[in-house]
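Dear colleague,

I am handing over the structure we spoke about, and below it you will find what turned up when I went through it. Please keep it open beside this message while you read.

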Amino acid sequence: MRNVVIFVFSIVLILTSCKENSLKHYGHHDIDPDTMDTIFHQIPEFSFVNQNNKIISEKYLDNKITIVDFFFTTCPSICPIMTKNMQSIQENIGKQKGIQFLSYTVNPEVDTVEKFQNYILKNKIDDHNWNFLTGNKQDIYELGVYSFLLNAQEDVLAPGGFLHSEFFVLIDKKRNHRGFYDGTSEEDVEKLTKDLKTLQNEYK
C-alpha cells in the first residue's frame, strides 16, 4: 500500500502553463522531437460499463471537460461526502453543455449495474451527464494509479476494505490533467468550480 501511495505522489509533476490565466498541467510529459511541442500526460484507452449497461470508453472524454473520482457504493467513510460534493458541483455549473462526470468503483464485484441504479435513486442523483463505471477490477486499479494518478486498491485495513483517493480530477477536452481537488473539502470544491470556469474560458 505504501509503495503505491509513494508512486502516485512521486509521479505527479506540476507543469506551469505558459498561457496566462490558464490552469496547470499535471503528470509526466514529453517533447515532440519534430515540432518541439509539449505532449502532456493523457488518459489512455479504457472500456467499462455504466449504470445503463452501456460501454463507456476514453472517447467519452474527448471534446468535453470531465470531473473524475473513485468510490464504492458501500463505502462507510468519505464516499457519501464526495458524492454530495460532486452533486453540488453539478448543480452549480455541471449542467452546462460540455461538462460531465465519471465515478469509477473500486469494488466492481459488488457494484453492478443494478447496484449503481439503486445508488442513484437512493441519493437522488441526476445522471444525465454522470456515468458510474464498473468492470475488471485490475483494469480499474491500473487506470486509477497509472492514468488518473490516484490510489485505487483493496486494503483490509481501510474502511470498507478498499483504499481510494479522496481527490476529484479535472480533465480537459484533450484528456489532459488540469487539477486535483480534495472531494471532502468545501474549500477545494469551491476552487474546482472556479477552475471549471477558467478551463471553459480557454476554449473561447
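Glu 114 lies in helix α3, and in this predicted model the residue is exposed, because its relative accessible area is 56% and the cut-off for exposed is over 50%. Although Glu 114 and Gln 51 are 63 residues apart in sequence, their C-alpha atoms are 7.2 Å apart in space.

Helix α3, which covers residues 113–122, belongs to a right-handed β-α-β unit together with strands β8 and β9. The two strands, β8 (residues 99–105) and β9, run parallel and are joined by four bridges, and Tyr 104 stands opposite Leu 133 in β9. In a regular strand the side chains alternate between the two faces of the sheet.

Two loop residues deserve a careful look for their backbone angles. Lys 124, in the loop between α3 and β9, has a positive phi of about 55° although it is not a glycine, and Lys 124 counts as exposed because its relative accessibility is 75%. Asn 53, in the loop between β5 (47–49) and β6 (55–57), is also a residue other than glycine with a positive phi, near 65°, and Asn 53 is exposed, with a relative accessible area of 58%.

Turning to the aromatic rings, the structure holds 14 aromatic pairs. In one of them, Phe 46 and Phe 48, the ring centres are 5.9 Å apart and the planes are at 25°, so the pair is stacked; planes under 30 degrees apart count as stacked. Phe 46 is buried, with a relative accessible area of 8%, and Phe 48 counts as buried at 4% relative accessibility. Phe 71 and Phe 132 form an edge-to-face pair, with 5.6 Å from centre to centre and 65° between the planes. This pair links distant parts of the chain, for Phe 71 is in strand β7 and Phe 132 is in strand β9, 61 residues apart. Phe 71 is buried, with a relative accessible area of 1%, and for Phe 132 the relative accessible area is 1%, so that residue is buried too. Ring pairs link Phe 71, Phe 101, Phe 116, Tyr 119, Trp 130 and Phe 132 into a cluster. A charged residue also meets a ring elsewhere, where Lys 173 lies over the face of Tyr 203, at 4.4 Å from the ring centre.

How far does helix α5 (residues 186–202) reach from its first C-alpha to its last? With 17 residues, α5 reaches 25 Å, which is close to the 24 Å expected at 1.5 Å a residue. Helix α2 (residues 79–94), by contrast, has 16 residues, but its end C-alpha atoms are only 19 Å apart, short of the 22 Å that a straight helix would reach.

An α-helix has 3.6 residues a turn, so residues three or four places apart point the same way. In α5 the buried residues include Val 189, Leu 192, Leu 196 and Leu 199, and what covers the buried residues of this helix includes β7, α2, β8, β12 and β13. Among the buried residues of α2 are Met 82, Met 86, Ile 89 and Ile 93.

Definitions and conventions: Residues numbered from 1 in each chain as written. Predicted model: local features only at pLDDT ≥ 70, side-chain atom pairs only at ≥ 80, totals over all residues. Heavy atoms only, no water. Pairing = 2+ DSSP bridges. Right-handed = clockwise from strand over helix to strand, strands pointing away. Expected span 1.5 Å × (residues − 1). Buried < 20%, exposed > 50% of the residue type's maximum accessible area, 1.4 Å probe, protein only. Contact = heavy atoms within 4.5 Å. Phe/Tyr/Trp six-rings, centres within 6.5 Å; stacked < 30°, edge-to-face > 60°. Lys NZ or Arg CZ within 6 Å of the ring centre and 35° of its normal.
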